[in-house]
Amino acid sequence: MGFILTTLHFFVIGIIASFCTRICCNKGPSANLFHFTLVITATVCCWMMWAIVYLAQMNPLIVPILSEGE
Amino acid sequence: MANHGGGGGCCPPMDLFRSEPMQLVQIIIPIESAHLTASYLGDIGLIQFKDLNAEKSPFQRTYAAQIKRCGEMARKLRYFKDQMSKAGFTPSVLTETKGDISLDDLEVKLGDLEAELIEINSNSEKLERGYNELVEYKLVLQKAGEFFKSAQTSAVAQHREAASDQAPEESLETPLLTNQESKSDQGKQVKLGFLAGLVPKAKALAFERILFRATRGNVFLEQAALDEAVVDPSSGEKVEKNVFLVFFSGERAKSKILKICEAFGANRYPFVEDLVKQEQSITEVSGKISEIKTTIDAGLLHRGNLLQTIGEQYEPWSLLVRREKSIYHTLNMLSIDVTKKCLVAEGWSPIYATEQIQDALEQATIDSNSQVGAIFQVLHTKEMPPTFFRTNKFTDSFQTIVDAYGVAKYQEANPGVFTVVTFPFLFAVMFGDWGHGICLLLATLYLIVKEKKFSSQKLGDIMEMTFGGRYVILLMSLFSIYTGLIYNEFFSVPFELFSPSAYVCRDAACSEATTIGLIKGRDTYPFGVDPAWHGSRSELPFLNSLKMKMSILLGVTQMNLGIIMSFFNALYFGNAVNIWFQFIPQMIFLNGLFGYLSLLIIVKWCTGSQADLYHVMIYMFLGPTDDLGENQLFPNQKTVQITLLLLALIAVPWMLLPKPFILKAQHNRRHQGVSYTPLEGEDESLQVEANHDSHDHEEFEFSEVFVHQLIHTIEFVLGAVSNTASYLRLWALSLAHSELSTVFYEKVLLLAWGYNNVIILIIGLIVFIFATVGVLLVMETLSAFLHALRLHWVEFQNKFYEGDGYKFHPFSFALLRDDDE
């Protein structure tokens, strides 16, 4: 559940970021599309990285073994 | 308009995705408005002129004389600059031009100023020389006078002694050296002559020796060193000198000594024995010296003023000369039609600039009071236009990175669009530490805040590159902060920022923490790597597995993006062959194998299965029909694997074989029954050489095309494996960074902390800071930058990028400043 919820968060943040970019720099349709592409690419990259790290820790096969003298 | 189909019906246009549509324009300019037209077009800066006089040598061109004039003026300006820097002036920064000076006026002015400056310089040189000679003369008078005085007093003393023995009447007036023969034998009287002067101290000994030898010892030389160095009149440098006084007898000796003095560069000065006359000479010389000094000072002041006035005007003049030179260079590229008294220009320009150019032409016609206006028309050609991207200061640096590998072919998809985000992102994957990211961010914010100041200054090479890439570094640092939070490393120290760690002890006493380890008791750590891992013994196996798999996943994604870009290119250029026989088999091959691997990784993570993915992948090829046993991740896996293997095997000949045959068929269809090439319908009133060849007579070598396709296929197939493995550098560099960071933190800072001594702590802190900045912030940044660059240039771009275009280099005065400097 935590996975889907946070994915939704990323999605919402992406939409909000696109709106903000559209509001603050509205320079014609082709420029807007370019900004939108950049924002979406950034969101997808960030989400992918988070998702990979999260999935890897969901069902771990090894656990932390503390070193002596901790 | 260029030939390449203006597709794009598939998707709306996007800034920077494809290069600007260009057109070949022809402008016919009447001669009287040529100069003004060129000037206005240079202001706009949107036409790249073609050189229509390429066969002519520089001397045969129309405006060669003008360029020579400009060259002369540039030389004079360089001379001024030289003089100014010698005198210690700097030309003032370019202010608003006070008014337009015409080139002719400027030429006259520069000529006058140069003549004046040369005259002042030669005069002051002469004066300096005279001054130095007088100074030397004065010194000679003083020192030699001392000789004679001391000699006289000792002679007087000797006289007194002698007088006590002998009684002849002798007074002080008797000559110094009394010869017994002088009273009796006038004829045989030997007159003693002397020479006075200065000789450089370094040569003094040799001077003495040679004098001695040349005159067979019949000279008497007195030397006295001067305390401070004097300026030698002929060379103008300070030299240590000795005053010398040579006594000799006879004419032959005199001539020999004169020659020797000349050879040694010893300056001679007239000297009289008479004491009174010596005093007079000294006062005379002193007077002359002070006179000359004032004259020299006045001269220097005048020169200083002159240079100051030049300095104020230097920048505008220099700019004007450069502008004019470039205008004439451009005019030289146009072909001249003497009968119709006009120049014909051909050039590439972006389509959106048409109106601006036409306005400029009109303005030039009006301003030059010409009867005839310039004619502007668009030519049709099959030549490939230059590539022009309209970048702003933010996207410019990213586009430069892409262009450094190869300039995009006209209107092919520009990887720069995605590079803006993926390049800093991949950098950050390798750099991930939010402490280091914050340091980078602060550094680059400083550069950005001081942008205006830095852009007007002249920076060194390294600083210029860093400043030019400030927006790249800004994004790099922002993404690094993000990935640092994900890797949970702040100078290698993890923090429990989002929720408590997911790992708890198995029992209350935590007895098995160091043997079997903790257990996952709570929910997965919501954002990033769990802080419990840092410092544990099983940290590396876990992180290595995580980062390797992450690299593969990111790599497969980026390569898929590359192949999809090639799809968009094929769609834009209407190349159906590429879609069916290149894009689709490529997608099937890559995703059937490595996409499947990515899927297995994700399934394994989701289910927590213990399957060995190496085993699965290898035996998918070696033994596809074998039973999977405990490596089974999902039902029917064997069937799926066999299907994917077969699809991948089919994809290879699918990529290789059909395309050359289809291209051959297309070529035959196009050139069936064509035995002549139709004339190009050019309706121009002027006879312009049709140097836009239409490449109708294309050669089609089947073997060449086949080999080309073979190479492409092999490159893709083998590259699929090697490029995927190449992405593992993301893991490698990230590991190196975190290990270095850990070492510096634990072995320097914590060690220093352990001693409980303030001095050691401070030393440890300084070492830690230097190591962090030097190794991690500079070296690791460069290293990660380089590897992210390589991943883009090779692994991403070789899926779709052709990059064999040429860059648009318009005739523009703004670019002129950058070119020259």
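Student: Which residue in β8(B) is the bridge partner of Ala196(B)?

Tutor: Happy to start there. This is a predicted model, and in it Ala196(B) has Tyr269(B) of β8(B) as its bridge partner. Strand β3 (residues 192-200) of chain B and β8(B) run antiparallel and are joined by 3 bridges.

Student: What is the strand order of the open sheet of 4 strands in chain B?

Tutor: To read a sheet, go from one pairing to the next. Here the order is β4-β7-β3-β8 (chain B), and the pairing is antiparallel. At the edges sit β4 (220-225) and β8 (267-269) of chain B, each of which pairs on one side only. Ignoring direction, neighbouring strands of this sheet are turned by 25° against each other on average.

Student: Which helices should I look at around these strands?

Tutor: Let's take two. Helix α5 (residues 201-214) of chain B lies across β3, β4 and β7 (241-249) of chain B, and its direction is at about 150° to β3(B). Helix α6 (residues 251-263) of chain B also packs on the sheet, where it touches β3, β7 and β8 of chain B. The direction of α6 makes about 160° with that of β7(B).

Student: Now another strand: is β1(B) enclosed or open?

Tutor: For a question like this, check burial residue by residue. In strand β1 (residues 22-30) of chain B, 9 of the 9 residues are buried, so the strand is largely enclosed by the rest of the structure.

Student: Which strands do bridges join to β1(B)?

Tutor: One of them is β10 (residues 342-350) of chain B, which runs antiparallel to β1(B) with 9 bridges. In that pairing Val25(B) stands opposite Gly347(B). Another is β11 (residues 375-379) of chain B, also antiparallel, joined by 5 bridges. There, Ile28(B) has Ile375(B) as its bridge partner.

Student: And how do α17(B) and α18(B) pack?

Tutor: For a helix pair, read the angle, the axis distance and then the contact. Helix α17 (residues 613-622) and helix α18 (residues 637-656) of chain B pack at about 60°, with axes 10 Å apart. The two helices are therefore oblique to each other, and the crossing is right-handed. The contact uses Val616(B), Met620(B) and Phe621(B) from α17(B), with Gln637(B), Gln641(B), Leu644(B) and Leu645(B) from α18(B).

Student: How many residues of each class does this contact of α17(B) with α18(B) have?

Tutor: The contact has 5 nonpolar and 2 polar residues, and no charged ones.

Technical notes
Residues are numbered from 1 along each chain as its sequence is written. Chains are lettered from A and ligands numbered from 1 in the order in which they are written. This is a predicted model: local features need pLDDT of at least 70, side-chain atom pairs count only at pLDDT 80 or more; totals for chains, interfaces and linings use all residues. Side-chain values use heavy atoms; hydrogens and water are left out. Axes are lines fitted to C-alpha atoms, for helices over the stretch in contact, and angles run from 0 to 180 degrees between N-to-C directions. Angles under 35 degrees count as roughly parallel, over 145 as roughly antiparallel, 65 to 115 as roughly perpendicular and the rest as oblique. A crossing is left-handed if the near helix is turned anticlockwise from the far one by less than a right angle, and right-handed if clockwise. Contact means heavy atoms within 4.5 Å. Ala, Val, Leu, Ile, Met, Phe, Trp, Tyr, Cys and Pro count as nonpolar, Asp, Glu, Lys and Arg as charged, and the others, Gly among them, as polar. Buried means under 20% relative accessible area, exposed over 50%, partly exposed in between (1.4 Å probe, protein chains only). Two strands pair if DSSP finds at least two bridges between them.
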